[in-house]
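Please read each point alongside the coordinates.

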Amino acid sequence: MTQTALAGASAAADAPATRRRPATKPHGQWKVDGKAPMNPVEVWKQDDDGLSVRHRIETIYSKQGFDSITDDDLHGRFRWWGLYTQRKQGIDGGKTASLEPHELEDKFLMLRVRIDGGRLTTEQLRVIGQLSRDFARGTADLTNRQNIQLHWVEVENVPEIWRRLEAVGLSTTEACGDVPRVILGSPVAGIAKEELLDPTDFIQEINRRFIGNPEFSNLPRKYKTSITGHPNQDTVHEINDVSFVGVLHPELGPGYDLWVGGGLSTAPRLAQRAGVFVPPEDGPAVWEAVTSVFRDYGYRRMRNKARMKFLIADWGVEKFRQILEEEYLGRKLPDGIVPPQAKDFGDHVGVHEQKDGKFFIGSSPLVGRLSGDTLVALADLLEVQGSYRLRTTPHQKILALDIDTANVETVIAELDALGLSARPSIFRRNTMACTGIEFCKLAIVNTKDTAIHVIEELEERMKDLVDAGVLGAPITLNINGCPNSCARIQTADIGLKGIVVPTDDGGTTGGFQVHLGGGLASRDREEAGLGRTVRGLKVAVDELSDYVERIIRSYASHRLADETFAEFAHRVDEELLT
């Protein structure tokens, strides 16, 4: 060995060992890593498409009963047809985390009726109401994704439910699962005087071409869409995987600004502008391309990292736009424009004139809680008034359309008699709640009853502040039974996440972690933002009314001029928020 080689060998021996970086694990992206499944869910998704389970429900499970259902169908593919097992009654919320899933579930199903854009006829509403009466013990909950959910459904009755729904143009197809879920659409599409463009054809084209299409029935995770042409941005676009927001381009006219990568749950992330303008005629093609990017590049190895938001967080919108245009569209899209701030609230509650001179009336059920009887009675009420159309909203509201001027007050009174208030208190109007422990296997607390109790308490206790007009902008109160944020806790003024809290006697009880100061873009907020948490702040269920009253009074006493609750919550020290 030469002296040079010896010297080099000696130096190498004396040098500290260089640590090799561990190889980056693949994300399970089809276009990068291939289609070999990387977790058990991906295995059964590839073994047999989720849509295929319908045949087994119709020919086997509905005839042989609940106990005949295989595990991968019951806890997997059933979701592709809007079906989940519901929570067994009487199980305390403190046991949610300690019991196995099969110990929590009952032999009854939740069935979700898919209502894209919230569009319903009175005939369709009556059918849902009759199904509730016949097969769901009268239950019917309006969700904040414009759907209606029925509970206590037995698998033996599912084929008949499908038959009746499909006879009037409704379905449960891909209402759940790793698929394109219901499309949030402006509830006033085609009727609002102020709308920039009508997205009805866009929504219907997506539904016709892509829902139930095997090309998109195996996505990495759930996939949520929102489309609006209304300037009040009424489809919560910041928290969807893909959103099309109506804008008026100074050179190209009306179209959509594209947003991607929103979603809440336990890792909240707000959507970002993709920077492109989408002409109305290009909407379906762009939706197909965006969805294809997610299908092919979305992460499939870890379920808790599989939503579109994680891909966008890693790529950034610049790379996303490049991939979208070069690999999927084969052309450039025009640069987009920032949507102007909304001029009014997007829940459409109250009386509003339509394009045709008639009126629509937005009403507020108590936190989405309805019944089969209420749905049938509402259909009857509207038809007597010559109205055959209604809409559901992403805010758990119902709009009655096509009301003549002379009948507005009559309809308002009759809606109120059904528990649907067109002139609700600020607390009723702005409170939202998820399903909660009554039916949800993930929940820790009762949300619906808790929310209704808090609303009633606040309406009584806070008359002085309401009458004095000192509360300023509406204060949203969103109540969720678990950390998954179906009720959007991070984007509420007061967001409540169901948890187990300790008691003074050393035990535990149901309660909430508090998020404060979140919100979506609105008349009083230029941009969406997430709420803050206060260190150590946990509120027991039975103390919730006291806490909410206390913090609202703190806001009323300490806010600056014209300061919203969210601005107050982010500005002040923690002692004013406890």
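1. Two strands are taken as paired if DSSP finds at least two bridges between them. On that basis, strand S17 pairs with strand S18 (residues 494-502) in the parallel sense over 4 bridges, and the bridge partner of Ile-479 in S18 is Leu-496. Strand S16 (residues 431-433) is also parallel to S17, with 3 bridges between them; here Ala-433 stands opposite Ile-479.

2. How do the side chains of S17 (residues 477-480) point, and are they buried or exposed? Leu-477 and Ile-479 point one way, Asn-478 and Asn-480 point the other way, and all are buried. In a regular strand the side chains alternate between the two faces of the sheet.

3. The chain averages a pLDDT of 95, and 96% of the residues score at least 70. Over residues 1-18, however, pLDDT stays under 50, and the model has 1 contact beyond four places in sequence for this stretch. Where pLDDT is low, the predicted coordinates should not be read in detail.

4. Ser-363 has Ile-398 as its bridge partner in S15.

5. Which residues touch the most other members of the largest nonpolar core? Of its 54 residues, they are Ile-57, Phe-78, Leu-109, Ile-128, Ile-148 and Leu-150. Leaving aside residues up to four places away in sequence, Ile-128 touches Val-113, Ile-115, Leu-120, Ile-148, Leu-150, Leu-165, Leu-170 and Leu-375. Another core, of 37 residues, lies apart from it and includes Ile-183, Ile-227, Val-286 and Leu-311.

6. Helix H16 (residues 448-461) has 14 residues and reaches 20 Å from its first C-alpha to its last, close to the 20 Å expected at 1.5 Å a residue. Its buried residues are Lys-448, Thr-450, Ala-451, Ile-452, Val-454, Ile-455 and Leu-458. An α-helix has 3.6 residues a turn, so residues three or four places apart point the same way.

Notes: Residues numbered from 1 in each chain as written. Predicted model: local features only at pLDDT ≥ 70, side-chain atom pairs only at ≥ 80, totals over all residues. Heavy atoms only, no water. Helix = DSSP H or I, 4+ residues; strand = E, 2+ residues; numbered from the N terminus. Expected span 1.5 Å × (residues − 1). Buried < 20%, exposed > 50% of the residue type's maximum accessible area, 1.4 Å probe, protein only. Core = buried A, V, L, I, M, F, W, Y, C linked by side-chain atoms within 4.5 Å. Contact = heavy atoms within 4.5 Å. pLDDT = per-residue confidence, 0-100.
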